[in-house]
Every structure is written in structure tokens, then in C-alpha cells.
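Please look through the chain below before reading on. The paragraphs after it are meant to be followed with the coordinates open beside them.

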Amino acid sequence: MSGRKPRSVANPLESGITTPSEKILKECHTLYVDSENGLVKIAISLGVRLLPPRKKIIVMIMGNHSAGKSSFINWYAEEHIQKAGVAIETQGFTFVTSGRKRESLTGNATLHLYPHFRPILEFKGAMDYLTAEISTSKQKKFSLVTFVDTPGLVDGDMVYPFDVNAAITWLGEQADLVFVFFDPMGQALCKRTLNIVEKLSETSGDKLRFYLSKADEAGKDTDRQRVMMQIVQELCRRPGLNKCGFDMPTIYIPNPQKPSRCVNQIDVVCETIEKTINQAVQKTLDQLEKDCDLMCSTISSRLEQDRADVTHNKSVRLHSFLCGALGIFLPALFILSFIVNTFSQEQLDELLGEGPSRTLFVFTGIIMYIWDWIPEDGQVLFVIVFGAFCYLLLFLAKYFAGRGNKTLTKKEKRTMAEYSDYIQDIVKTKKGNLYDWYLQQCAAESDF
């Protein structure tokens, strides 16, 4: 039996308290992934691509090595999940999240848990350095957050097993928040970190948050201010980062055994996370309504297009019938005219009766009159042209017969109508109730 100690957890699963935000996000997620009437399943049948909303926000933490990224995650979850130290402890990407059981996942299992991040496979070698750590912690808002711990960044000849700059940039674009940790111990001005931050600011500048981590190790207040000025100066030299309203709170992991006079604004980080969670709830509910409208409009368009296809098919069938009928009737009448011409009027009256025989005699008479009108040396050419014309009519009949559009069956139209009713009556109603419930958690009763 191994002498290895089991990893402790912050709190058992049973003690987890589900917050209103967590319930709303889970309800919305269920509306998408339900096995019978999920919006994703409906969207697939309509040819529309929908991704279920994430039940948690994604917070990516980046910075140079030993910037305190892993230590912050451990502090937030109140559990020792990630290794922390002066050396480069995190060599790949680690998703840290809350779940039912303490578990560690490898790359393939991680992508099954986070299908939104499957495009990371495009970065050669990144798959082998992708892991996930699942904790049962419910501390703070950890049940609604997934942290992405990134590799520690260094300058110089350090060789990474994949394109770390491009991978971090792509992950930052997918995240809801990007925390950039600058430590005051000589690595705050890491050019690789600043290059990635500058690249991210072009597409995701509103997600970036800057923090001076390990601020209690910066020495005196004057030393700390000098470090912050150096960081700000370096950032301002880059056009993409030279923006007004720049803020960089000082944070460090509180240690009761090592009190510090340095102002610790780590609570600001927690408030930023909580604010983003609330915004994620609103965005999820808004996206749910947009997806419902998209599918309802798709169903309406499909049914309208089906009606247009039915009308079109009737038209082409009529054209096909007319061309086919003429292609058969005209040569048949032409041949019949020569046959009837061999009979006398009296013989036709005896065979067909007086009325039908006269009608037939009139039509065949017209054909024979046209035939007699054509010169003898042109009759062969007439037969060839007439045959080609009849062949063209038959060709057009076949052409029109193949021009019909595929239409919906009665079962498909009934299914689409049921989908539309379900979305309008069930999903949208549920969305309205969830929004009302969410607002009741923060607004006064008199506002309703």
C-alpha cells in the first residue's frame, strides 16, 4: 500500500451551496443539451450550428514564471491544487475548476470536458501539455469559475514545446477575463509577456486586467512605486497598450504569520470575477433569446421556402406534362392522318360513329392539307425537322421533370411546427422566468 497522502479538499461535495447564478447558468445549459428537446439537437436537425453556453466563466492567468499565478488559484479555491514555487512549475495549460470529485485529467479528457477549446489542437504539441484539475471546493465563487493556468513566461533561449505565444493569445481570446500578473522581483518587464499582452489588446483589450503580484515582497513603498512606474513606462512605450484609465492594483497572498503594511487589493480581483459572473448570466440569457429567435426564423424560412418549392414543382410538372403530351400527340396525329386517309368517310362513320369520325376527319384533313402543300422534294426535310421538334419536346419534358425541388414531408412539417411551438411556449417562457428571478436577487421588490 502506498504511503502517499491523499490530497485534501477544501470542503466536501455535500456542503456545496448552489447560488442563483449557478442555477440559472445550469438551467440555460440544460435547455441546450437536453437529450429529447435540447436546442442543440433541434439546431442540428435544422442545419444550424449552436454551442451550448458555458456553465462557468473562463479566467486565464498569465505572466512570467514565479509571478504567483498558481498561488492565487490555490488561495481562491482555498485548496492546494497547483504547484507553486520560484521555478517554472507550470509548463503547459491547466484548467482548474470545481466539480463533484477531486480528479486530474489529461489532454484528451480535458477537451471532452471543454469542447469549446478543441481548436487548440491546431497548435502542434499543445495537446501533450494540456491538463485539468477538478476540485470539490465551493469557496468564494469558485463553483462558477474555471481558471486557466498558463506556462510561466521567460525571455532568452527558453524553448517551449509548442508555440506558446500563439496558444496563449488564442486562449485569451476565448476567455472571459485575462489576468496579467507582474511580479516585482526583476521579471516584471518580460518582453515575451508584454508581446502577448500587446497582441491580446488588439482583439480583447476589454478583458485584460493588470496586477502587481507579490507586492509584499517589493520592499518599501518607494521600491514598490518605482517598480510600478517602470512597468507603466514599458507598457506606454507600446502603442497598443498606451491607453487612458490604466489601473494596476497591488495584490499578494495574505499570510497571518507574515503581516505586511503593504495595501492588499486582492479583494478587487474577487469583485472583478463576481462582476464578470453576473455579466455572464445576463449574456447567457440574452444569447438564449437570440438563439431562440434564430431557430424560429430558420423554421419560418424553411416552411416558407417549402411553400415556394411546392408552387415551383406544380409549375414545372405542368410544363413537363404539356411538353410530353405534345411530344407524343403530334407524331401520333401525323401517323394517324396517313392511316385515316386510306379510309373513306362512310367507312369511318361505320367504325367510329358519325360525330367522332367527322372530328377525326377534320384534324387529319388539316395535317394532310399541310402535307400536300409541302413540295415533294421538301417532304423528307419536313419529316426530319418535325421529328427533331417532337424529340425536343420530349427532351424538355424530361428536363422540366428533373427541375423539381425537394419538399418537406408532412411529418417534417409537423415536427418543425412542434419545434417552433416548443421554443416559443416553453423555452422563451423559461428564459423570461429566469431573467425575472435573476433580477429579483438584486433589485428591490418595489421595482417589480
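The model is a predicted one, and its confidence deserves a word at the outset: the mean pLDDT of the chain is 78, with 85% of the residues reaching 70 or more. Over residues 1-17, however, pLDDT stays under 50, although the model does have 22 contacts beyond four places in sequence for this stretch. Where pLDDT is low, the predicted coordinates should not be read in detail. As to the overall make-up, the chain has 12 helices and 7 strands, and of its 448 residues 41% are buried. Among the contacts in the chain with a separation of 6 or more, 78% are between residues 24 or more positions apart.

An α-helix has 3.6 residues a turn, so residues three or four places apart point the same way. After H2 comes Gly47, which has a positive phi, near 75°.

Helix H10, made up of the 20 residues 354-373, reaches 28 Å from its first C-alpha to its last, close to the 28 Å expected at 1.5 Å a residue. Within H10, Ser357, Leu360, Thr364, Ile367, Met368 and Trp371 are buried; viewed down the axis of H10, the buried residues fall within an arc of 100°, so they line one face of this helix. Arg358, Val362, Tyr369 and Trp373, on the other side of H10, are exposed. One of the buried residues of H10, Thr364, has its C-alpha atom 7.7 Å from that of Asn341, a residue 23 positions away along the chain. Asn341 itself is found in the loop between H8 and helix H9 (345-352), and with a relative accessible area of 52% it is exposed.

What does its side chain reach? The side chain of Lys56 comes to the backbone oxygen of Ser98 at 2.4 Å, and a polar contact of 2.7 Å joins it to the side chain of Thr97. Apart from neighbours within four places in sequence, the residues in contact with Lys56 are Thr97, Ser98, Ser143, Leu144, Val145, Thr146 and Asp176.

The other residue is Leu171, found in helix H5 (residues 164-174), which at 1% relative accessibility counts as buried. Not counting residues up to four places away in sequence, Leu171 touches Met60, Phe93, Phe95, Phe117, Ile120 and Val148. For Met60, which is 111 residues from Leu171 along the chain, the separation of the two C-alpha atoms is 7.6 Å.

The aromatic rings complete the picture, and the structure holds 20 aromatic pairs. In one of them, the rings of Phe179 and Tyr211 have their centres 5.2 Å apart and their planes at 85°, so the pair is edge-to-face. Phe179 lies in strand S6 (residues 177-182) and Tyr211 in strand S7 (residues 208-212), so this pair ties together parts that are 32 residues apart in sequence. Both Phe179 and Tyr211 are buried. A further pair, Phe334 with Phe382, is tilted, at 6.3 Å centre to centre and 50° between the planes; Phe334 lies in helix H8 and Phe382 in helix H11 (residues 379-401), so the pair ties together parts 48 residues apart in sequence. Phe334 counts as buried at 14% relative accessibility, whereas Phe382, with a relative accessible area of 27%, is partly exposed. Ring pairs also link Phe72, Trp75, Tyr76, Phe142, Phe147, Phe179, Phe181 and Tyr211 into a cluster.

Note on methods. Residues numbered from 1 in each chain as written. Predicted model: local features only at pLDDT ≥ 70, side-chain atom pairs only at ≥ 80, totals over all residues. Heavy atoms only, no water. Helix = DSSP H or I, 4+ residues; strand = E, 2+ residues; numbered from the N terminus. Expected span 1.5 Å × (residues − 1). Buried < 20%, exposed > 50% of the residue type's maximum accessible area, 1.4 Å probe, protein only. Arc of directions from axis to C-beta. Polar contact = N/O pair within 3.5 Å; in protein donor to acceptor, adjacent residues only side chain to side chain. Contact = heavy atoms within 4.5 Å. pLDDT = per-residue confidence, 0-100. Phe/Tyr/Trp six-rings, centres within 6.5 Å; stacked < 30°, edge-to-face > 60°.
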